[in-house]
Amino acid sequence: MITGMWENIKLVCKEHGCALILMPPAGEYKSPYYACPKYLKENRTPIEKMCGNIIDLITAEKVVENVISQKEKGLNISLKGYKSKVKKGNKIYEFEVIRHTFVDGKEILYIAI
Ligand SMILES: [Zn+2]
């Protein structure tokens, strides 16, 4: 994985727009994973449905590496609107860079998954 980049990368749920939370291994998930806050009961109202938007850390790293590799090509100053997908087994994760900002010289990329 690319260390140092994660602080500049925000993974968000494409359904809810909220930042995905890194969760420790639990239940069927044997390794750390990112989940939508609305996956957790305490973040939902009684009538809200659970959001099953979950991506394991290894696959999330592939997403980040994919986006970073686009940056390195230098084709775009802004990657906003860049879309791609990564596969894990027979599951396909589509993602899109929804925001690419520069704050105090720091570059921040928001990736919706
Ligand atoms: Zn969600």
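Analyst: The largest nonpolar core has 19 residues, and Leu11, Leu20, Tyr34, Val63, Ile111 and Ile113 touch the most other members. Such a core is a set of buried Ala, Val, Leu, Ile, Met, Phe, Trp, Tyr and Cys residues joined through C-beta atoms within 7 Å. Buried means 20 or more other C-beta atoms within 10 Å of a residue's own, exposed means 12 or fewer, and partly exposed lies in between, with C-beta atoms placed from the backbone.

At least two core residues come from each of β1 (9–12), β3 (33–35), α1 (57–73), β6 (91–103) and β7 (106–112). The top contributor is α1, with 4 residues. Helices (H or I, at least four residues) and strands (E, at least two) are DSSP runs, numbered from the N terminus.

The model is predicted: local features need pLDDT of at least 70, side-chain atom pairs count only at pLDDT 80 or more, and totals for chains, interfaces and linings use all residues. Residue numbers start from 1 along each chain as its sequence is written.

Now the helix. α1 has 17 residues and reaches 24 Å from its first C-alpha to its last, close to the 24 Å expected at 1.5 Å a residue (1.5 Å times one less than the number of residues). Its buried residues are Ala60, Val63, Val64 and Val67. Seen down the axis of α1, they fall within an arc of 90 degrees, so they line one face; the arc is that of the directions from the helix axis to the C-beta atoms. The face turned away carries the exposed Ile58, Ser69, Glu72 and Lys73. Just after α1, Gly74 has a positive phi of about 65 degrees.

What covers the buried side? The cover includes β1, β3, β4 (54–56), β5 (83–88), β6 and β7. Take Val63: leaving out residues up to four places away in sequence, Val63 touches Val86, Tyr93, Phe95, Ile111 and Ile113. Contact here means C-beta atoms, placed from the backbone, within 7 Å.

Next, the strands. β1 and β7 pair in the parallel sense over 4 bridges, with Lys10 opposite Tyr110 in β7. Pairing requires at least two DSSP bridges between two strands. β6 and β7 pair in the antiparallel sense over 7 bridges, and Val97 stands opposite Ile111 in β7. These two strands form a hairpin with 2 residues between them, and Asp104 in the turn has a positive phi of about 50 degrees.

Methods: Two residues are in contact if their C-beta atoms, placed from the backbone, lie within 7 Å.
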